[in-house]
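Trainee: I would like to go through this model and see how its parts pack. Please show it.

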Amino acid sequence: MPLTLAQPAAGAEDTETVAPAVDLVLGASACCLACVFTNPLEVVKTRLQLQGELQAPGTYTRHYRGLVASVAVVAREDGLCGLQKGLAAGLLYQGLMNSVRFYCYSLAGQAGLTQHPGGTVVAGAVAGALGAFVGSPAYLSILGAMETIWRQQGLAGLWRGVGGAVPRVMLGSAAQLATFASSKAWVQEKQWFPEDSWLVALAGGMISSVAVVAIMTPFDVVSTRLYNQPVDGAGKGQLYRGLADCLVKIWRQEGPQAFYKGLGLSYLRLGPHNILSMFFWDEFRKVARRSQHQGT
């Protein structure tokens, strides 16, 4: 099944018909709505990725083993509400990061960048990097660390771990937006569903979710480690000096398989989130375009 990133049909055309300011609201709303459904999986995934940090396999007790068992452990220890722990912070992060991301991507579409071969990849990557940088302080609120870091490290401390977040979101955004555009075009070309059917966006989101998870999971592990590591009085990480150091230490001490730690949970969290985000975004944009046409 070819996913030709040069095809602009499903992505560039839509971007041109929705104003960037409108896409800012629609993109943020779509991702926040998806977050409500997928936050329990994010809670479990984060705990699984932090399990056995910098310890060789087999040398630590595994409290979390797979999706069902991990959900049961969290529910038993924290109650059912524990599965929605950090939802408010997650909504803040999703809203802030994705408003910037979709706004920038829409601007690129308006400028015609996404109509060129590889344009959706470049636009998605740049938009993702900017969104990750702006949303970094909000990510700390998910971890419950924003207030403490603000008091101890000041404004600069709010961007602790951004070195791991930017590459993660940059690559994930490029994969998501590019493959969603080309997947939609491919599904429409096959004419399995009516051209304007919601099933087209759903199928496109399912296809793009595979690429997103494969690319993002290693950086997701690294980003989780960088944000969660203890810091000294100067605000410097005590376990990792940065992205490269984290990559090397995980490789040497835990093995390359550690980069895909929690892969099943990563897909069960990132996959549905990607599918729902792209589906809601596409449907919201249809409504916005119809409203624009009725207004004229």
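Trainee: Which residues have the most contacts inside the largest nonpolar core?

Mentor: This is a predicted model, where local features need pLDDT of at least 70, side-chain atom pairs count only at pLDDT 80 or more, and totals for chains, interfaces and linings use all residues. Residues are numbered from 1 along each chain as its sequence is written, and side-chain values use heavy atoms, without hydrogens and water. A nonpolar core is a set of buried (under 20% relative accessible area, 1.4 Å probe, protein chains only) Ala, Val, Leu, Ile, Met, Phe, Trp, Tyr and Cys residues joined through side-chain atoms within 4.5 Å. The largest one has 19 residues, and those with the most contacts inside it are Phe102, Tyr105, Leu177, Met278 and Trp281.

Trainee: Which element gives the largest share of this core?

Mentor: Helices are DSSP runs (H or I, at least four residues), numbered from the N terminus. Those giving two or more residues to this core include α4 (87-110), α7 (162-190) and α10 (263-295). The largest share, six residues, comes from α10.

Trainee: Is Ser173 buried or exposed?

Mentor: Ser173 lies in helix α7. Contact means heavy atoms within 4.5 Å, and beyond its neighbours within four places in sequence Ser173 is in contact with Arg101, Gly124, Gly128 and Ala178. Its relative accessible area is 2%, so Ser173 is buried.

Trainee: Which residues of α9 meet α8?

Mentor: Helix α9 covers residues 243-254. From α8, Val221, Val222, Arg225 and Leu226 take part. Their partners in α9 are Leu243, Cys246, Leu247, Ile250 and Glu254.

Definitions and conventions:
Buried < 20%, exposed > 50% of the residue type's maximum accessible area, 1.4 Å probe, protein only. Axes fitted to C-alpha atoms, helices over the stretch in contact; angles between N-to-C directions.
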